[in-house]
Every structure is written in structure tokens, then in C-alpha cells.
Amino acid sequence: KEVGKFYYKKKNWDFAIKNLEKSIANKNSDVETNVFLLASYEEKADFVKIQKWASDLIDIYPNQPEYYFFAGKSAFQLKNVKKANELLEIGLDYVV
């Protein structure tokens, strides 16, 4: 996890993703690691991976607003505005 965060801060997205994915394989319940991984995918503009990963995380952890943000943003980037709006509104309910 810490190695992935190090590479993230150095803006080396490929190494960040590689190390964060390894960390998640060991312990998927860490919100911080998942958010760093989603943000790394975002920096690489890999919105398909963000959509899949964030959607899977929402199914497992439905009360984490960060996952709705990434799922909504990726849906918007993939031109699915209706779904993006729906996801962002649901995520907002967990923030307020």
C-alpha cells in the first residue's frame, strides 16, 4: 500500500497501479487503497476500469461516497450521463 502511495505521489501511475492492485489482492477492505487505485486509473484516463472497479466496490461497500464519485465521473466520461447523475446523487446522500 505504502509503495503504491509513494508512486502515486511521484505521478508514476503504472507503478502505483501495480503496487496498489497487489495490496488490494491481500486486503480489499481498505478504503484508502481503493481510492488511490481509482485515482490512479483516473490519471491514466482509464474510465472503463474505474467504472467496473467502482461499481464492484459499491456492491460490497454501499455506504462509501468516494466510490459513487468515481463511478459517476467515469460514467459521465463514458457518455452515460443519466447513470452518472444517478450515481452522484446517491453518493451525495452519504455525504450529507
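The protein has six helices and zero strands in this predicted model. Read from the N terminus, its elements follow the order α-α-α-α-α-α. The radius of gyration is 13 Å, close to the 12 Å that the globule rule gives for 96 residues, so the protein is as compact as a globular protein of that length. Along the principal axes, the C-alpha atoms fill a box of roughly 35 × 25 × 20 Å.

Next comes the way the chain packs. Of the 96 residues, 39% are buried, where buried means under 20% relative accessible area. Consider the contacts between residues at least 6 apart in sequence: 46% of these join residues at least 24 apart.

Helix α5 covers residues 65-77, which is 13 residues. From its first C-alpha to its last, α5 reaches 18 Å, close to the 18 Å expected at 1.5 Å a residue. Which residues of α5 are buried? They are Y67, Y68, F70, A71, G72, S74 and A75. The cover over these buried residues includes three other helices: α3 (31-43), α4 (47-60) and α6 (81-95). Just after α5, K79 takes a positive phi of about 70°.

Terms used
Residues numbered from 1 in each chain as written. Predicted model: local features only at pLDDT ≥ 70, side-chain atom pairs only at ≥ 80, totals over all residues. Heavy atoms only, no water. Helix = DSSP H or I, 4+ residues; strand = E, 2+ residues; numbered from the N terminus. Expected span 1.5 Å × (residues − 1). Buried < 20%, exposed > 50% of the residue type's maximum accessible area, 1.4 Å probe, protein only. Contact = heavy atoms within 4.5 Å. Rg over C-alpha atoms; globule rule 2.2 N^0.38 Å.
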